[in-house]
Amino acid sequence: MMNLPSQVNICEVGLRDGLQNEKTILSTQDKLDILRSLIDAGFRVIEVGSFMHPKKVPQMADTDELFKALAAENPGVELRALIPNLRGVQRAADCGCKKVKLNVSASREHNLKNLNMTPEQSVAGFAECVSAASEHGITVSGSISMPFGSPWDGRIPQSEIDAIIDAYLNVGITEISLSDTSGMGVPNQVYDMCCHVREKYPQCSWWLHFHNTRGVAMANIMAAMEAGMTQFDGSFGGLGGCPFVPGAAGNISTEDVVHMCMESGVETGIDVRKAMAVARRVQQLLGHTTDSYLLRAGCSSDLLETIGK
Ligand code: ZN
């Protein structure tokens with residue numbers, strides 16, 4: 001018998017992690033329509049965008065506008081944005097964003113080469129972001145990229161992951177995302193790490209973020225659920241990565257996760273057909289298909305209805 005949670009929380013990250021990799025830049029109005037449809041579909045946590053420099057990530061340049069428009073509507077859902085630094089906190093404060101996420105790479109060599117700092121030193125530097133955020137009533141979460149493996153460092157020792165978690169706790173961040181951006185995680189490893197961090201850090205709230213680069217993301221979600229995890233990111237249509245590079249794959253598709261949960265008796269609070277409609281709309285706007293099983297095959301419950309079973 002599997003030991004699945006009765007309920008999970010799914011965050012839609014397509015507007016950020018998905019769209020930032022697309023050549024087509026969606027209009028602010030289209031993004032707002034998507035956001036409203038997501039809220040209507042039952043999503044309670046949505047990653048709206050990021051406060052990176054607009055020249056660096058032009059797809060996210062209107063994140064401030066999205067927050068301003070939605071703040072006026074007061075939709076009662078958690079809307080978060082990725083920030084790189086203190087400037088991101090200021091932009092969040094100015095547009096009414098109440099939840100931000102910082103990120104560090106678990107890949108030590110990568111961090112040293114890029115920033116000349118260890119991952120722990122990078123996280124310690126986030127202290128100023130946390131104190132500025134708290135002045136504005138903004139909650140800060142943190143994510144750790146590539147904890148399950150990196151193209152530069154290979155498998156990362158658990159002690160190094162723990163050191164980054166300790167650094168997050170030291171600056172007052174207790175909501176942490178383990179983000180398999182390289183798509184190198186496998187289920188037994190995910191299960192072991194989830195059990196380990198839950199036991200060692202009971203004060204933390206965990207998110208899991210899987211890319212489906214090697215087709216293992218769904219199995220990793222199941223393994224994490226088995227280990228007691230209940231918060232997962234997904235991206236509409238499976239968007240993310242680069243659709244024009246052969247072999248590349250994006251995030252696990254949100255509607256595939258919602259469907260699997262629904263058919264397994266795990267409550268998500270999300271209407272799968274409405275989630276599929278959003279993903280279809282995004283495909284239309286971008287003008288290409290994406291890695292979504294459900295958009296190709298449909299819900300199995302609909303199939304059973306068709307054949308009268
Ligand atoms: Zn990602």
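Trainee: What covers the buried residues of H12?
Mentor: The cover includes helix H2 (28–41), helix H11 (254–263) and helix H13 (293–297). Contact here means heavy atoms within 4.5 Å. Helices (H or I, at least four residues) and strands (E, at least two) are DSSP runs, numbered from the N terminus.

Trainee: What kind of model is this, and how are residues numbered?
Mentor: This is a predicted model: local features need pLDDT of at least 70, side-chain atom pairs count only at pLDDT 80 or more, and totals for chains, interfaces and linings use all residues. Residues are numbered from 1 along each chain as its sequence is written, and side-chain values use heavy atoms, leaving out hydrogens and water.

Trainee: Back to H12. Which of its residues are buried?
Mentor: Val-272, Ala-275, Met-276, Val-278, Ala-279, Val-282, Gln-283 and Leu-286. They cover an arc of only 155 degrees around the axis, so they sit on the same side of H12. The arc is that of the directions from the helix axis to the C-beta atoms. Buried means under 20% relative accessible area, exposed over 50%, partly exposed in between (1.4 Å probe, protein chains only).

Trainee: New topic: H9. Which residues are buried there?
Mentor: Gln-189, Val-190, Met-193, Cys-194 and Val-197. Their arc is only 125 degrees around the axis, which puts them on the same side of H9.

Trainee: And which are exposed on the other side?
Mentor: Asn-188 and Glu-199.

Trainee: What covers the buried ones in H9?
Mentor: Helix H8 (158–170), strand E6 (175–180), strand E7 (205–210) and helix H10 (217–226) are among the cover.

Trainee: Now backbone angles. What's up with the phi of Asn-74?
Mentor: Phi of Asn-74 is near 45 degrees, a positive value in a residue other than glycine. Most residues other than glycine have a negative phi.

Trainee: Where is Asn-74, and is it buried or exposed?
Mentor: Asn-74 is in the loop between helix H3 (63–73) and strand E3 (78–82). It is exposed, with a relative accessible area of 62%.

Trainee: What about Met-146?
Mentor: Met-146 is not a glycine either, and its phi is positive, about 60 degrees. Met-146 lies in the loop between strand E5 (139–145) and H8. At 10% relative accessibility, Met-146 counts as buried.

Trainee: Last one. Where is Leu-304?
Mentor: In helix H14 (residues 300–306). At 40% relative accessibility, Leu-304 counts as partly exposed.
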